[in-house]
Amino acid sequence: MTSENNSRIAKNTLMLYFRMLVTMLVSLYTSRIVLEVLGIEDFGIYNVVGGFVVMFGFLNSAMSTATQRYFAFEIGRNDRRKLHDIFNMSINIHIIIALLIVLLAESLGLWFLNTQLNIDSARIPAANWVYQFSVFALVVNIISVPYNAMIIAHERMNVFAWVSVVEVVLKLIIVYLLQWSAYDKLVIYAIMIFSITLIIKIIYAAYCSRKIKESRYKTFWDTKLFYTLINYAGWNLWGNFASVMMGQGVNILLNIFFGPVVNAARGIAFQVKAAIMNLVMNFQMAINPQIVKYYASDNVKQMHHLVFQGTKFSFFLLFTVSLPILFQTHTILQFWLKTLPDYAVIFTQLIIVNALIDALSGSLMTAAQATGKIKKYQSVVGGLLLLNIPISYLFLRLGFPPQTTVYISISLALIALLARLKIISALINLSIYEYLRKVICPIIIVIIVSITATYGILHFMRSGLVYTLILCIGSVVSVLLSSYFLGLTKSERTFFSEKLKSFTKKQ
């Protein structure tokens, strides 16, 4: 069974990486064109307004985590009838959440947009159009969460891969159309992004209704199940609120203190982060259902093993692409975007470091969610993350530069990682010593060796695109080799070698 699960994880990871490669390449291309067409200020407006709308999604994020956990848990128990009941109730709950968010967005949100954000008065009408279509897109995403969660729980990752191809083709089309639009390009861009969101979510819902019988919605209400899901989501609500505020709350602070240009720089940094984080997110999407299912079937030992592997592999995957970017940030961004807003380079470097720290927490968070005992976890970790807002506000008021907010975020991320480890060790009887020995120590060794090797290459380098390419290749090779020989155990190396041989024979 373990071998079968490992094979499924490997297969799903390959499908998700196909999805990631396609979406990443297209996203990077379209981002450059959109920045050129919209201009730095309008690009910044889109990022801060769209990000502000995302803040209302913290209600949805909490319920999304609960939905995925309960779907995977019931599949692990092989209770299909209960799974169908949970799906129906999750649809009902997400509709309620969507209505609440619309109410908040069209009252408090509109007031804040038009009175508090630092946007030129001439662009306020366009900002309002962006706001409304961002709200529409959020509502569509909310109602479709149970369908996406069902696909993930059933580990149908090939569906995500192929639908992503459709999505990127549509994005390429709108980039082409945007360049030739005679109307306000910021407004047109918001409308077209919403249209793509709607089309993609309809495809996912149609697939689930046809291929997964437990996801065929019917009118159903179970008050006890409603409270079970809501109570679980309640503590996630606090954690997700903290996470959203840590990201988008800081974005709003930067807008108030510095204006849309800094939002544009931060938006570019987060686009880079989103591109490279796909490596980790796709891998974790493949293993997360298995972590929950191991817990549901009382196979805690195998769960520990998968948490260790998931954390280590996630970091190595992210570090492989992050290290060359950290060394050549300015050259890479200049080649990609041509025109760089101020602070784009420093924001990108610091946010990548923040992402590397967060990559250590992904499997730990899934393990906590699997237990269902998340009150203490969300209270402590959420409280730590939420400190980012008042601390950032204080430093910005004292005149510190905008990148200070990311230094604060990095510091809190490290403290939160230690808190997660301490709490989760008690929840699932996980040995902190074993975690440090099997995960953190190999990671530190790989970091030291890879950075030393990359510095050695840099010492003999000159300026220029060719030399940058050589450095990037050398950096990637150094991470891959040090990860394989110093970061992986003998059994892990054997597993990868066997999978590689199997894959090669099929070609």
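This is a predicted model: local features need pLDDT of at least 70, side-chain atom pairs count only at pLDDT 80 or more; totals for chains, interfaces and linings use all residues.
The chain holds 19 helices and zero strands, and buried residues account for 55% of its 507 residues. Among contacts between residues at least 6 apart in sequence, 84% join residues that lie at least 24 apart. The accessible surface of the chain amounts to about 22,700 Å², with 66% of that area belonging to carbon and sulfur atoms.

In soluble globular proteins, nonpolar side chains tend to be buried together. Here the largest nonpolar core has 147 residues, and the members that touch the most others are Val-49, Met-303 and Tyr-435. Helix α5, which runs over residues 124-153, supplies the largest share of this core with 17 residues. When neighbours within four places in sequence are set aside, Val-49 is in contact with Leu-113, Ile-119, Ala-127, Val-130 and Tyr-131.

The backbone also deserves attention at two places, since most residues other than glycine have a negative phi. Tyr-343, although it is not a glycine, has a positive phi of about 75°, and this residue is found in the loop between α11 (329-337) and α12 (344-359). With a relative accessible area of 34%, Tyr-343 is partly exposed, because that class covers values between 20% and 50%. Asn-429 is another residue other than glycine with a positive phi, in this case near 55°, and its place is in the loop between α16 (404-427) and α17 (432-459). Asn-429 counts as exposed because its relative accessibility is 65%, and the cut-off for exposed is over 50%.

Terms used. Residues are numbered from 1 along each chain as its sequence is written. Side-chain values use heavy atoms; hydrogens and water are left out. A nonpolar core is a set of buried Ala, Val, Leu, Ile, Met, Phe, Trp, Tyr and Cys residues joined through side-chain atoms within 4.5 Å. Buried means under 20% relative accessible area, exposed over 50%, partly exposed in between (1.4 Å probe, protein chains only). Helices (H or I, at least four residues) and strands (E, at least two) are DSSP runs, numbered from the N terminus. Contact means heavy atoms within 4.5 Å. Accessible areas come from the Shrake-Rupley method with a 1.4 Å probe; for residues, only the protein chains shown count as cover.
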